[in-house]
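The sequence and structure come first.

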Amino acid sequence: MSRIIAIKPRVRSFIAFAHDFLAVVIAWWLAYLFRFNFEIPGEYQQSFKHILLWVVPLQAGIFYSFGLYRGLWRYASLPDLKQIFLTVALGAITVPFVLYMLQLPVLVPRAALFLAPLLLMLIMGGSRIVYRSWKEQRLYSLDDAKRQPVIVLGSGSTAVSLVKELERSRDWHVAGLLTDNPNKLGTHLHGVRVLGMIDDLVEWVEKLSVGHVIIAMPSAPQALRRHALEICARIGIKPMTVPSYVDLVSGRMTVSQIRNVELDDLLGRAPVVLDMEGLHELLSGKVILVTGAGGSIGSELCRQILSFNPKLLVMLELNEYALYTIAEECHASFPEIPAAFLIGDVKDSARLDQIFDQYRPVAVFHAAAYKHVPLMEHANSWQALKNNVLGTYYLAQTAIKYGIEKFVLISTDKAVNPTNIMGASKRLAEMVCQAFQQSVENDCQQVAATPRTDFVIVRFGNVLGSTGSVIPKFREQIARGGPITVTHPAISRYFMSLQEAAQLVLQAGAMHRTTTGGEIFIMDMGDPVKIVDLAKDMIRLSGLNESDIEIIFTGLRPGEKLHEELAGDNESTLPTPHEKLRITHSCPPDGQWMCSLLEWFSVQQALSDDAVKMTLTTWVPEYLAQPSHHQPVVEKDTG
């Protein structure tokens, strides 16, 4: 069987070569006929036979050397025609040159030297295009019964590219386009008519008996894409879409890679424009360390960093399975880039010393943290405090010891006026980094004065689909048939995509230090999203509506805010060179504060939740402790 597969391409190449061999003969014969008005004199008939002995081998050699027989005629396109033009043009120059240099005793009409290449190009290019048209028409006619009609929403370049790609599809047949631009109504784009406006979708779905809709507007405003989604949900059609604008521009995906609509598509956030020069300076050819590398943010940071070709990426993770997962992905996607996959705890200073001494990273991205609010609020408060605060301290101390250039702490909007243990612990971690940055002499020997390390803190809100977030929970609830549980009708959160969050973390890390250092960067999170609206969007994305899946309100959980903030009451924000990043300035703690904090940690055993919350109000004055016990209120969605 394998032998047959190996022979077939050679047979096709031989047939194509024989065709072009014959085309050369026909082209020259026609050139002679046209030159002499179809009455070739006897002496020129004899010279024609002699000229072919030289022309055909020359032209065939040029065809073969240009790789003209590597492609398939079925996919002949503009690049193939361009290649034919180049080979024929080269032949048109070579043939007269050889005849002149060898002083061959043959009669060659000058007109034939011009006519033959033109006719040859017409025969070779035309036969390929005709064959492709015949082949595709034959295939489509055979598959028409299987191809499902689809309406494409959009009339821009992406929609046109999609129509062209789907021409070769065995699964889809584009029945028409719907647009948001009234000037394009009635026009034909690549042979497909723009039938009407997007609001006319219901009418055209019924008229054409269409069961599928593809949204091909990756750069359209959020409101328009959401509106299209709502229409699809109303008529019971599960929409699909093309890859994001970022993926299309980067070349990672093509427009024909149709997929289901995801929540990221409804955020409507513009692509992040990165300072590529600054990021290459920070990452390329350098040893980079990422903690929490198996988590949602950590793993995406690793993917982004690997795209900048570091000298070595060191991935530190406590969870064995999470580390194994990211290791397998890196081996598959970036096999050429060296990486180290290390098990370790950021609270283990001896392990940190071992890692920094062996690998000598120049930049650290600290994403390791306990972040699940309800879990950290009950029975785990002391562990959250130790991991998020002491872990940051030990890592930062080791970074200073080994002269790390950049230390980037991943923080959260829950650190602003925190009402829960997780947020308060992350605020303390921010303050630890700020204290390390201060050039203050103090009596605490563990704190180095005037460190070389540049500390950067990055705050952002929720990331769509991250581990422990509301998205996977809603997805599971919908799969079970509902109900979806939302804590409060008015609760809202800031959301951004995982890719955007990681890119902005890197961008913040690449920015130059100000005079004080220890900056807290706040990401532009856009407008807050109501969680109940998020739940309704997920219901629609599942091809259902709110009558199919019930929404139940359960009451705010302990430590949960109704609305999150990105900057505190005592913090002012300033712009940065990047439009999606701002800097907030707050009064940083001094070295003596750090000494007191370490002393408190050193004398404490495992504290109860109430003891942790009571003490945290001292260390984080803006922390508003919540009662340890909270009885949820169950209320059904009446909307």
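## Helix α13 and its cover

The buried residues of α13 are covered by elements that include β8, β9 (312-317), β10 (339-343), β11 and α15 (381-401). Contact here means heavy atoms within 4.5 Å. Helices (H or I, at least four residues) and strands (E, at least two) are DSSP runs, numbered from the N terminus. Buried means under 20% relative accessible area, exposed over 50%, and partly exposed in between (1.4 Å probe, protein chains only).

Helix α13 spans residues 349-359, and its buried residues are Leu352, Ile355, Phe356 and Tyr359. Seen down the axis of α13, these residues fall within an arc of 95°, so they line one face of the helix. The arc is that of the directions from the helix axis to the C-beta atoms. Ala350 and Gln358 are exposed, on the face of α13 turned away from its buried side.

At the N-terminal end, Asp348 caps α13, with a side-chain oxygen 3.3 Å from the backbone nitrogen of Ala350. A polar contact is a pair of N or O atoms within 3.5 Å; within protein, one must be able to donate a hydrogen and the other to accept it, and residues adjacent in sequence count only if both atoms are side-chain atoms. After α13 comes Arg360, which has a positive phi, near 50°.

## Helix α10

In helix α10 (residues 276-283), the buried residues are Gly278, Leu279, Leu282 and Leu283. They cover an arc of only 110° around the axis, which puts them on the same side of α10. Exposed Glu277 and Glu281 sit on the face turned away from that buried side. The cover over the buried residues of α10 includes β8 (287-291), α11 (296-306), β11 (363-366), β12 (406-410) and α18 (498-510). Gly285 follows α10 and has a positive phi, near 70°.

## Strand pairing

Two strands pair if DSSP finds at least two bridges between them.

| Strand pair | Bridges | Example of bridge partners |
|---|---|---|
| β1 (residues 148-153) and β5 (residues 212-215) | four, parallel | Val152 and Ile214 |
| β5 and β6 (residues 240-241) | two, parallel | Ile215 and Thr241 |

## The whole protein

The protein has 21 helices and 23 strands. Of its 639 residues, 49% are buried. Among contacts between residues at least 6 apart in sequence, 76% join residues at least 24 apart.

A search of the whole structure for disulfides (pairs of cysteine sulfur atoms within 2.5 Å) finds zero. Cys232 counts as buried, at 0% relative accessibility, and Cys595 also counts as buried, at 11%.

## Confidence and conventions

The average pLDDT, the predictor's confidence in each residue from 0 to 100, is 78, and 77% of the residues score at least 70. Over residues 1-7 the pLDDT is below 50, and this stretch has zero contacts in the model beyond near neighbours in sequence. Residues 630-639 also have a pLDDT below 50, but that stretch has 20 contacts beyond near neighbours in sequence. Where pLDDT is low, the predicted coordinates should not be read in detail.

In this predicted model, local features need pLDDT of at least 70 and side-chain atom pairs count only at pLDDT 80 or more, whereas totals for chains, interfaces and linings use all residues. Residues are numbered from 1 along each chain as its sequence is written, and side-chain values use heavy atoms, with hydrogens and water left out.
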